[in-house]
Amino acid sequence: MIRHLDTLRGRAFILIFALLIASNAAALALYSYLHNDAMDTLHDAMFAEQVAIVVQLMDRLPPSHRSEVAAALTGTMLDVSTENIEPVATPEKESTRAGRISRLINTFLDRAPSDTIGVRLEESDNDGRNNFAPLFPARLNLASEEPIERVLQNVYFQGSVEVAAELTDGAGVLVTGRLLAVPHFSWAQMSPSLLALTGSALVIAFWLLSRFITPLVLLEGAARRLAEDINAPALRESGPFEVRCATAAFNGLQTRIKQLISDRSATAAAIAHDLGTPVTRLRLRAHEIEDTEVRDHILSDLDQMQRMIAGALDFTRLDFETEKAQKVDLVTLVESVCSDLAEVGKPIAFQAEGRIILTTKPTLLRRVIVNIAENAVSYGKQANVTLLSEDGRVTIAIHDNGPGMSRADWLEAVKPFRRLQENSYASHGSGLGLTIARRIIEDLGGSIEPIKDQLGRFGVAIHVPRHATVGSNN
């Protein structure tokens with residue numbers, strides 16, 4: 001889980017998720033504040049307009065008719081009185097809700113904001129939902145599922161407000177109204193919508209991230225494959241501009257490396273080829289030397305030189321693409337190698353059980369087995385070959401009875417033109433055998449490493465997959 005979060009896709013996903021949550025929370029918090037304040041202001045404005053209409057109506061009526069009209073205006077939501085009016089204090093601060101109602105009434109009456117309008121608020125400690133239904137006619141069933149009734153079920157009392165206004169003739173009018181409200185913004189109600197919105201945005205974001213990051217994943221795989229298969233096909237340049245630029249740079253790098261390797265191989269091949277002629281002339285002239293000991297030493301040096309030239313030509317001409325991968329019975333292949341070496345007097349033993357079928361390049365693999373087995377016979381007196389199959393790969397273990405080598409010596413031996421034995425007369429190789437073997441096995445998708453068996457004998461393990469994994473012909 002942690003490994004996935006550490007990827008570019010994981011980090012971008014976390015960032016998008018955090019931004020979505022933060023932005024949605026901020027937007028909803030702002031909406032909640034504005035929604036609740038707007039609902040209260042709207043109700044206050046409607047109530048203030050009702051009070052202004054009542055005051056204007058009373059101003060136009062003679063005093064004798066005001067009580068009768070006030071009784072007619074009194075209803076469920078509004079109570080109007082022109083007699084026995086108790087004084088109501090003017091709000092001290094305009095920023096309070098009472099001050100806002102007073103200011104709105106003066107605005108509707110076209111009076112100065114400083115005119116005396118007494119306002120008293122009595123807010124309820126609870127929502128009073130149970131006290132709302134009895135105010136409506138019995139025929140209005142609030143428990144039904146009709147749209148109007150369903151909406152009214154959510155209306156509740158906030159309290160009451162009393163407004164005392166002075167008429168132009170000095171008389172007064174008292175208007176009492178009920179403060180209604182709907183439930184304020186609820187996070188619980190918005191959570192499903194918020195989660196659905198965030199989930200759908202994350203799905204789309206993850207899909208887009210996958211599309212944008214796919215070229216990067218291919219680029220990472222190509223970079224890993226470059227060390228094993230320099231001839232791998234170039235990557236398709238797709239994705240965002242930066243990814244296309246990186247892919248183009250990688251393709252250019254691969255082309256440049258291929259060109260450098262080709263130039264180096266061509267140069268080495270040309271030098272090795274051109275050295276063949278003077279070496280042959282030197283061999284002919286060496287036979288004219290009368291001193292036998294000197295002649296033998298010179299001929300030995302020339303033999304060693306010819307082996308090195310042949311090895312260099314062999315290395316530069318090594319072509320992995322000409323042979324196609326095919327299914328092979330590995331037991332039969334290794335057994336034939338051991339039989340061929342035994343026929344020429346090489347002490348070699350072979351052990352395997354059953355059949356092991358794998359897809360590989362048999363000629364190249366046979367070359368590796370022959371090289372390692374001949375080294376075991378030459379430097380370890382005897383070769384013991386064993387086949388093991390486990391965990392989807394096959395191991396060809398070749399042990400000998402020689403002194404073996406350390407890990408550091410092995411790393412030195414697999415380098416080109418490196419021979420651990422300094423005595424040229426005792427050396428039979430060119431210093432390229434193990435290098436070629438390692439390169440072939442790596443091209444086949446396997447590996448080669450030094451090992452020791454239970455008896456402490458030194459050996460070389462050739463690990464190959466059951467299916468060839470690299471090369472354009474696989």
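Biologist: Happy to start there: what is the mean pLDDT of the protein?

Modeller: Keep in mind that this is a predicted model. Of its residues, 80% reach a pLDDT of 70 or more. The mean pLDDT of the protein is 78.

Biologist: And over which residues is the pLDDT below 50?

Modeller: One such stretch has 8 contacts in the model beyond near neighbours in sequence, and that is residues 127-131.

Biologist: Good to know! What share of the residues counts as buried?

Modeller: Buried here means under 20% relative accessible area. The accessible surface of the protein comes to about 28100 Å², with 57% of that belonging to carbon and sulfur atoms. Of the 474 residues, the buried share is 35%.

Biologist: Now a local one: how far apart in space are Ser 160 and Glu 122, C-alpha to C-alpha?

Modeller: Ser 160 sits in strand E3, which spans residues 156-166. Leaving out residues up to four places away in sequence, Ser 160 touches Arg 120, Leu 121, Glu 122, Gly 177, Arg 178 and Leu 179. Ser 160 and Glu 122 are 38 residues apart in sequence, yet their C-alpha to C-alpha distance is 5.2 Å.

Biologist: Last one: among contacts between residues at least 6 apart in sequence, what percentage joins residues at least 24 apart?

Modeller: The protein has 12 helices and 11 strands. For those contacts, the percentage joining residues at least 24 apart is 67%.

How values were computed
Residues numbered from 1 in each chain as written. Predicted model: local features only at pLDDT ≥ 70, side-chain atom pairs only at ≥ 80, totals over all residues. Heavy atoms only, no water. Helix = DSSP H or I, 4+ residues; strand = E, 2+ residues; numbered from the N terminus. Buried < 20%, exposed > 50% of the residue type's maximum accessible area, 1.4 Å probe, protein only. Contact = heavy atoms within 4.5 Å. Areas by Shrake-Rupley, 256 points an atom, 1.4 Å probe, with all protein chains shown as cover. pLDDT = per-residue confidence, 0-100.
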